[in-house]
Amino acid sequence: MVHSPRLMNVLPNCALKCRAFVAYNDPIYGKEEVRLDVLFVNACPRGKGVSRTLRLADAFFEALKTFHPLLDIREHALPEMGLLPIDGKILAEREALIDAGAFEDPMFSLARDFLAAKSVVIAAPYWDLLFPAVLKVYIEHLSVRELTFRYRDDACYGLCSARRALFLTTSGDRLLGRNLGAEYIKEVMAMLGITKFDRVQGEGLDLRGADVSAILDRALAKTADIVRSWQADL
């Protein structure tokens with residue numbers, strides 16, 4: 001099969017950090033693919049040492065590795081990938097590849113990783129009532145008909161086999177029980193077939209007089225609780 005040059009340019013320098021993986025047979029197009037334990041979706045533009053959301057992610061993985069030091073983990077560092085939104089032309093080309101069953105095309109590499117993951121962790125700050133735009137663009141690349149979801153007569157069905165998803169976020173303001181970013185991600189995960197969803201958020205960090213250390217400590221403690229609750233699914 002000839003890959004579309006335009007589609008190959010959609011995914012420049014995917015910045016994947018990975019370890020050894022276990023092979024499995026993919027039921028979608030019958031090829032041997034990799035099975036990874038945890039996919040870490042890093043949507044934090046400020047990076048390590050600055051991002052408060054990444055502090056939560058670092059704490060989660062540090063605690064996770066104390067229980068499971070040999071976990072296979074892959075990171076999608078979204079701010080470094082240069083992902084492009086899917087426009088009309090790209091969408092038409094992508095649909096042609098889908099109709100041809102050409103799921104090995106590079107256009108679908110991010111979706112294949114997501115399909116292979118047993119658990120998913122997404123870290124993104126709470127920006128403009130949602131999260132950074134790069135995460136929405138990433139979701140566009142994940143949502144591939146007949147690969148990560150499919151339509152049937154009665155409904156849309158998710159095809160991903162991950163057992164758990166975790167969303168980590170921090171915000172300058174109080175969220176007052178309405179985290180629109182987390183709710184959106186929860187619905188996307190359900191659409192793709194992942195129904196066990198956890199969230200950890202540190203909120204009100206930029207308000208005058210906020211005890212930032214105490215707020216983050218509470219959020220960090222919750223990440224440790226979630227690690228313990230994940231044991232049966234890893």
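**Salt bridges and exposure in a predicted model**

A search of the whole structure finds twelve salt bridges, a salt bridge being a side-chain nitrogen of Lys or Arg within 4 Å of a carboxyl oxygen of Asp or Glu. This is a predicted model, in which local features need pLDDT of at least 70 and side-chain atom pairs count only at pLDDT 80 or more, while totals for chains, interfaces and linings use all residues. Residues are numbered from 1 along each chain as its sequence is written, and side-chain values use heavy atoms, with hydrogens and water left out.

Colleague: What makes Arg-52 and Asp-206 a salt bridge?

Modeller: The closest N and O atoms of Arg-52 and Asp-206 are 3.0 Å apart, and the definition asks for a distance within 4 Å, so the pair is called a salt bridge. This pair links distant parts of the chain, with Arg-52 in helix α2 and Asp-206 in the loop between β9 and α7, 154 residues apart; helices (H or I, at least four residues) and strands (E, at least two) are DSSP runs, numbered from the N terminus.

Colleague: Why is Asp-206 called exposed?

Modeller: Asp-206 has 54% relative accessibility, and exposed means over 50%, buried under 20% and partly exposed in between (1.4 Å probe, protein chains only), so Asp-206 counts as exposed.
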